[in-house]
Amino acid sequence: MSLIYLTLKIFILIECILLHFSFASRFPGETIPTRVEIGIGGSANITCRMNLEVFQGKDSSSLTFVEEQTGLPVPRSHIAIINETTIVYMLRNAAAQNTKYLCKSGKNGGIGVTHVSVGTAPLDVKDFKCRGYDYSYMICKFTIPENNLLTQYTLNYTTTTLWKESYIDKNGTRLYRMHYLPQNYVQRCELEIHGKEVTCKLSKVDRNYRSSYEFFKFALFGINAIGSNLQSLEINNYESVIPAYPEFKVVNITTNSANLTWRVVMFSFYAKKGLEYEVLLRPENFGWSNHTDYEVHSRGMDYSLLLRNLPYAYTKYNVSLRIRVVSRHSDDTMWSELYMQSFETLPRIPDAPPKTDNGSFFIDPNETRVRLYWQQLPNYRYNGPHFEYIIETKRNGYNIDLKPLSIDNTSAIFPWKKEHQYEFVIKSRNNVGESLESSQIIVPAWPDSYKLNSPKWIRNIYHAANRTYTLSWSAPANITNLVDYTVFWCPSKPNVLNECKGSLHFEHVNKYETKFTTAPQHRDQEHILNLAVSANYIDTNMGMHWTMCTADVTSDLENLEPEMTAISARTIQLDWSPDRVCSSLIEGYNITYCKVKRNVNITLESDKCLNENVTITVEKTAKKFILTNLTPYSTYKIEMFMFSKLKNGKSSDAKIITTKEEAPSAPRNLLCGNRTSNSAWLSWLHPEHFNGNLTSYTIVLKSKNHVMNYSVEALNGLAKLNETITFNLKDLSSFTNYTVYVTAHTVEASLPSNIINFQTLIGIPSKPLHMTAVENNRTVMHWSKPEKPSGRVEFYEVSVKVWHKDQLQKQRISTVIGTESCVINMPMCKDADYKHTLEVRAVNVASDSEIDQQIFIDNNTEDENIYEGNNELVCIATGKLQSASEFNALSLSYRGVKNRVYYKSVWEKGPFYGCAATSKLSTDTMWALGSTFILLMTLTLVYMLHDKCSKMKNIKCTLPSGLAEIGVYPTKGAADHSVLNNDIADKIIEKTPFSNFHTLHDDLPFNNEHHHLLSSMCNDSGYLGDAVAGLSSTAGISTSSNDTVDDNCANYVPNEEFTVMEQNLPTSSDAYMVMEMIKANDDRMHIDNPYVPPDASLESDLAPISISSNIGFIPTDNNYVKPNQKLNWQQTPTKSIPTTEFPIDSLSINETGYVRPDQLQKDAYERNSLINATQQNEIKPTLQAPTSPLQNVNIDIAMPPISGYVTPKELSAYFQQQRIS
């Protein structure tokens, strides 16, 4: 057996080892310790160890601690790496917290959790209290103070009591002294913890409640991880006991007292501190009151409480009693439960007679009977059963046995003769006896002049607003010895003007007053009142005078004719007048109504109620009533009648009335869908309640800068409650945030529907604006942002194209990100047929969720080479200069991503650059040619200077008369030619067909503005500034080397003109819709200036015009020559030359009144030939006109060609003032 047992143990051990290694291979790691409890400001270390087999490829550098509540990692500076598997988190100066720290490797690699609690040592409790219950048991309670550390409490107590000890002093006198008698052992109170509330119960059953001891000394001991606390608490047992409720009986009841008796079992304990009592008393038909007139007696456990001076005899009372121990610290929680009983006091004679006044009698109209009135005693003053009023009578001072004809609780009727004076004595009586006191009414003998002492014009007005009555009268005719008035009022009996249903009330009014208003009645206690007035004299009184209202109780009630008014959408007001019926007869009004189908042609006979009739009873004093809580825009049928106690009146004619309309409820379930870049579909449901004729809906659409309202017609008659209404919002701005809600309309607008927000999709941006160029050492292109970006405008594309004879040679599109400008180094021209154009467009990039499927897009037709090749045409974004690699990376960051759509604007045309007439050579060739040219020019210059200096000795400077008149004079010896604008020379080009124009530079009055306008024009433009550019070498005008003219065209032509020349339309790769392409081309075809600069080759085919020497001229303000300008080309001819009018009509004049320059040159040549032919016999010419435009001619000075547009008038003035030598 031992061998088997040993084998079994080995097998189990091996199994455990295998399980351990299997578990360890899957175990991620651990944190040590798993729980930390420290004090505030303390420190702790938490170790985290990872299992490398689970986290393969990672080590402890991937570990971190994360706070569970915030999800934030702890500061890395508080973590120490111990080895490749272990880290330690060092918690220092800890604040109060109750937090879990998670050790993790990466985001999801959880390893372990450590619960950290930082708090304080146990604190004192603040609300410890104990309550004993009739010395049977005691319950103590307290609340655990807030602390993050788990604290354990134990509660022990000992008891002590005061003991009176007697002793004999030295004088032999017995004295007493008090001292505490402690209990000699400690009791434990078991604690029950419910959340933060802790309860301890001591009871006699468990033998741990020492009720006989006065003082309980508790020791509350708390302990937690960082400390402990012992708190001493003391409770006075005698003052903390709540007595049992007093289960009393009511005995010894009299007319004004009663005795309450009960037993107190623990009387000996309560006697030590005493008891106090609360007695509440409620007579029948009265409320509860605190009765303090009582006396308490006790004998052993028998207690009694005598209620004294009860106010009413023969009255039922409810009495309640509760008690508590007398203590300085008593509160309402120390009272016992309430105990209640009822009893009835014994009867006695009435305490008082009814109250009367001198004038409280009424003589009937027949003057045979008198009715006496008095103020009825309330029931609680009857003081016994069989209560009644008794009346004794004296006539002319003698007692008589006069029986009343009728008597009730408020009045009595006696036979009466007006020649006698009557004295009536009234007393109260019950089955015990008569009242000791009495009231008196004296009715004087009736004089014939009694009307003179009676009030007149007595009127009663009811005020429904505050439920009051106003009695008004006129003073009697005789006011001598008038003392005052007495006004009487009482609830009336139906149809009886001088009888009271309830008690009579009266009040005296000053003799100067003739109006009295009753106090407002409570809504629930309102009565129809009868009112009367009497005039009180010193020696007599004519009695009461009632307001008149006569009606028979058996009479039929009149038919009501109420007026009905719909005062709102939910209320209808009914007004009626019961003037034909005495108000004392009416008990109330009945109103019946129901909802009927709303129809224009409704008939009362065929109309049926759609729901059950609603019946309302209206109080009898009302003269109007408002039906409330009705349905808006609904039709009701209403009927009404009055009723009395005996019968109902005839119902009024049924009337049909419709409530007013009001605002409908809000439209429901507003949704937005099918968004595009410029539209969105809205849908919503009708309001749940139309509340009227639904006329329309208003859609309020708000964006950042605009608020738009759309109106949608609502067909109310065809509308269905759950019908969906849709509306397409069109012409929206792309990529714009909108807020929208809908309101419904009847006569008023409803509350808004649910408010929704949406954003339109990305769209095609408008083209960039105002593309301009700024030239310095390089060309900087600027443009403005699109007016309508329609998106984020992620980047711009700048296209640089190289053209040769209108054929595209190469192109590069550059991507410009984050700016509206870029820098380009314009390539050198190869020959005059080359030109360069620049364009820019804006690009929006849309991801999958932002693509507008309704926009036609083609993203794959452009050649990718135009984005990558021809790097010499790259335009680099300004701001932060980018290298080529950075530039390409930015470009590819957008173009290299799939699943994107690019919305590209129309190209904005920028400036174009034409090349000079001389073609560009290579740099090496230019250097070689330049060196050779400089050498030759140096030799030639030396020779020419020598020859020129020889000739200049005899030159005289004579100004033409035209220049002399405008005040332009060259200054002798002015080597700097200051009279001229020096900028003229700066822009002279190298060649001109006129070689002998020696004085032209000195005589041109060009201003700076004109010069800068013309200075950069190419020599193929036909402008005047180009024609005189070659004179500097012969005229001796110095030029600045910085202003030499590049072969590239330094000026640019506006993009509109170039567009006409190019006549190219955008391709589909521009990614805009067909309509945008058509619109863009239409815009380019509409140009303000139809003139196209002439081709450079045109000028070479025209020969210069033969003119005489010494010609001066004045250009126009813009350096163009116009025929209608007065030019001072004055010459002094050697002979008279006949004037020949130039054939203006033969010129080709366009609609603007200008002549093309090539036409002007041609006609000028023909004109010169004609003049030479007609004048060769009279004038010896100084030059021979060539026979053909290409023939070489000898001229003294060749007139430069006229540039720009000229009118016929200017052209005529030009030829009239030239002179042919």
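Mentor: We take the sulfur links first, then a sheet, a hairpin and some rings. This is a predicted model, where local features need pLDDT of at least 70 and side-chain atom pairs count only at pLDDT 80 or more, while totals for chains, interfaces and linings use all residues. Residues are numbered from 1 along each chain as its sequence is written, and side-chain values use heavy atoms, with hydrogens and water left out.

A disulfide is a covalent bond between the sulfur atoms of two cysteines. Here a pair counts when the two sulfur atoms lie within 2.5 Å. The structure has 6 disulfides.

Start with Cys48 and Cys103. Their sulfur atoms are 1.8 Å apart. The torsion about this S-S bond is about -85°, so the link is left-handed. Cys48 belongs to strand E3 (residues 44–50) and Cys103 to strand E7 (residues 97–105), so the bond ties together parts that are 55 residues apart in sequence. Strand labels come from DSSP runs: strands (E) have at least two residues, helices (H or I) at least four, and both are numbered from the N terminus. Now check the burial. Buried means under 20% relative accessible area, exposed means over 50%, and partly exposed is in between, with a 1.4 Å probe and protein chains only. Cys48 has 0% relative accessibility and is therefore buried. Cys103 has 1%, so Cys103 is buried too.

Next, Cys594 and Cys609. They are joined with an S to S distance of 1.9 Å. The torsion is about -60°, so this disulfide is left-handed. Cys594 sits in strand E44 (residues 588–596), and Cys609 sits in the loop between E44 and strand E45 (614–619), so the bond ties together parts that are 15 residues apart in sequence. Cys594 is buried, at a relative accessible area of 2%. Cys609 is partly exposed, at 29%.

Now Cys822 and Cys875. Their sulfur atoms are 1.9 Å apart. The angle about the S-S bond is 90°, and this link is right-handed. Distant parts of the chain are linked: Cys822 is in strand E60 (residues 821–824), while Cys875 is in the loop between helix H3 (865–868) and strand E62 (876–877), 53 residues apart. Cys822 is buried at 0% relative accessible area. Cys875 is buried at 0% as well.

Two further cysteines deserve a glance. Cys672 is partly exposed, with a relative accessibility of 28%. Cys949 is partly exposed, with 47%.

Now turn to a sheet. An open sheet holds 3 strands in the order E49-E50-E53, and the pairing is antiparallel. Strand E49 (668–673) and strand E53 (724–729) are the edge strands, each pairing on one side only. From one strand to the next, the twist averages 20°. Axes here are lines fitted to C-alpha atoms, for helices over the stretch in contact, and angles run from 0 to 180 degrees between N-to-C directions. Two strands pair if DSSP finds at least two bridges between them. E49 and strand E50 (residues 680–685) share 4 bridges in the antiparallel sense. Arg668 has Leu685 in E50 as its bridge partner.

Look at a hairpin next. Strand E35 (residues 456–463) and strand E36 (residues 468–474) run antiparallel and are joined by 6 bridges. Tyr462 stands opposite Tyr469 in E36. There are 4 residues between the strands of this hairpin, and Arg467 takes a positive phi near 55°.

Finish with rings. Rings of Phe, Tyr and Trp (its six-membered ring) pair if their centres lie within 6.5 Å; planes under 30 degrees apart count as stacked, over 60 as edge-to-face and the rest as tilted. The structure holds 37 aromatic pairs. One of them is Phe216 with Phe218, stacked at 6.2 Å centre to centre with 25° between the planes. Both of these residues, Phe216 and Phe218, are buried. Another stacked pair is Tyr738 with Phe758, at 5.6 Å centre to centre and 25° between the planes. Tyr738 lies in strand E54 (residues 737–745) and Phe758 in strand E55 (residues 756–759), so this pair ties together parts that are 20 residues apart in sequence. Tyr738 and Phe758 are buried. Ring pairs also link Phe128, Phe142, Tyr153, Tyr157, Tyr209, Phe216 and Phe218 into a cluster.
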